[in-house]
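Welcome, and please open the model in your viewer. We will walk through it one selection at a time.

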Amino acid sequence: MTHPSLTKTAMIPWRRMRRPRIVLVLGGGGMRGMAHIGVLKAMAQLGIHFDAIVGTSIGSLIGAMAAGGYSIAQMESLISSVQKGDYFRLNFVKFLLKGMRVPSMYRGDTFKARLAEILPPAAFGELKVPFFCNAVRLETGGMVLWGMPGMQDIPLVDAVYSSCALPGIFEPLERDGFHYMDGGIVDAIPLRFAKSLEPDLIIAVDLTVKGTFKTPNYRDRIATTLFRAFEIAEEVLTEQQLHMHVNEKVVLIQPKVAHLARFDFDDVQEIVRLGEEATRRVLLSHAGTRHLVRDDVIDGLACPVETRDYVTVRIDPVACIGCGLCQVMCETEAFRAGWPKAEVRKLSNYECTRDHACARNCPTEAITLGNL
């Protein structure tokens, strides 16, 4: 069944498919989004294909390249030479002329020129698979989804730029009297829209999960504080999206990259590796995807893979102070608040939405989640 609002040029050919219909959702996260290349690499290795892509911010950039037919080798080659100066050049002239009235810290034209060099020279309707990316219209606060009917006439580079234009960092995209900015402001992982396309399966990549819930790169400076405030809002919004939309038809991949600096250009290959590693682990073990993996890959595994149909939940009784926040934050009633300590009601939680809300909000880091 095709999505009723899709035009013929952007139609997803659901009816002709014998395998599950898959929508790939690539979330936002700055340079951490290089993990998306690792995701695509692992999916190709495992023989799992996607039929449409929905991207936010950096996810829109990687998604546009994938939708344009770029190979993994091409994408890896493009990012291998990425330098911070290619994207970030201070708005010196505007700072001198306008002072604090300057629209952004960095020049948007530099960023857009680099995007034009990277992205495929194609319109939305000419891409290999349907592609959508979101942005926020500043005048109304509403979200737009470029690629939808009536929103396909925008140049691909402008659509991706608007989805990546972080507030205060790059200038908003001005188009037809409106201004557009980073889609992650309102939805860093557009699961609701992906579900509206009525696929059999959604593979979603969330870049907000940290190896540690501390932020080691935080510094008491205005720019760092603004970045961190945006990240916190992004994490909470993502948490809510996962609460509402994760179910048995959503395969959630969460590379642990969010502890890395948002604009760290030094560890790109490592971020790609983390994305690939997390994707293989999830797709080989998730009930919705493990039967889709190529037979030769399964035959080559050294040992059986543990299923990911549940999350293990543990509380450190020494660290727990009995505050009860875990019960407040958990949507699946996995905890029971009590004095002097909280208790785990579901040691193997099959209903967990993997939003990490309990662990992220625990004031003493007493909660450990496993089988992720």
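**The whole protein**

Keep in mind that this is a predicted model. Start with a cartoon view: the secondary structure comes to twelve helices and 13 strands. Of the 372 residues, 54% count as buried. Among contacts with a separation of 6 or more, 72% are between residues 24 or more positions apart.

**The cores**

Next, select Met34, Ile48, Ile62, Met75, Phe131, Trp146 and Ile203. These residues touch the most other members of the largest nonpolar core, which has 70 residues. Which helix gives this core its largest share? Colour helix 9, residues 268-285, to see it: eight of the core residues come from there.

Now centre the view on Met75. Leaving aside residues up to four places away in sequence, Met75 touches Ile37, Leu40, Ile62, Met65, Ala66 and Tyr70. For a second, separate core, select Val54, Phe193, Leu197 and Ile202, which are included among its 18 residues.

**Helix 1 against helix 9**

Show helix 1, residues 35-46, together with helix 9. Their axes come within 6 Å and cross at roughly 45°, which makes helix 1 oblique to helix 9. The crossing is right-handed.

- From helix 1, pick Ala35, Ile37, Gly38, Val39, Lys41, Ala42, Met43, Gln45 and Leu46.
- From helix 9, pick Ile271, Val272, Gly275, Glu276, Thr279, Arg280, Leu283 and Leu284.

Colour this contact by class and you will find ten nonpolar, four polar and three charged residues.

**Helix 6**

Move on to helix 6, residues 156-164. How many of its nine residues are buried? Nine of the nine are, so helix 6 is largely enclosed by the rest of the structure.

**Val205**

For the last stop, select Val205, which sits in strand 7, residues 201-205. Is Val205 buried or exposed? Its relative accessibility is 0%, so Val205 counts as buried.

Display what surrounds Val205: not counting residues up to four places away in sequence, it touches Val25, Leu26, Gly27, His36, Val39, Ile189, Ile253 and Pro255. Finish by drawing a distance from Val205 to Ile253, which lies 48 residues away along the chain; their C-alpha atoms are separated by 4.8 Å.

Definitions and conventions:
Residues numbered from 1 in each chain as written. Predicted model: local features only at pLDDT ≥ 70, side-chain atom pairs only at ≥ 80, totals over all residues. Heavy atoms only, no water. Core = buried A, V, L, I, M, F, W, Y, C linked by side-chain atoms within 4.5 Å. Buried < 20%, exposed > 50% of the residue type's maximum accessible area, 1.4 Å probe, protein only. Helix = DSSP H or I, 4+ residues; strand = E, 2+ residues; numbered from the N terminus. Contact = heavy atoms within 4.5 Å. Axes fitted to C-alpha atoms, helices over the stretch in contact; angles between N-to-C directions. Parallel < 35°, antiparallel > 145°, perpendicular 65-115°, else oblique. Left-handed = near helix turned anticlockwise from the far one by under 90°. Nonpolar A, V, L, I, M, F, W, Y, C, P; charged D, E, K, R; others polar.
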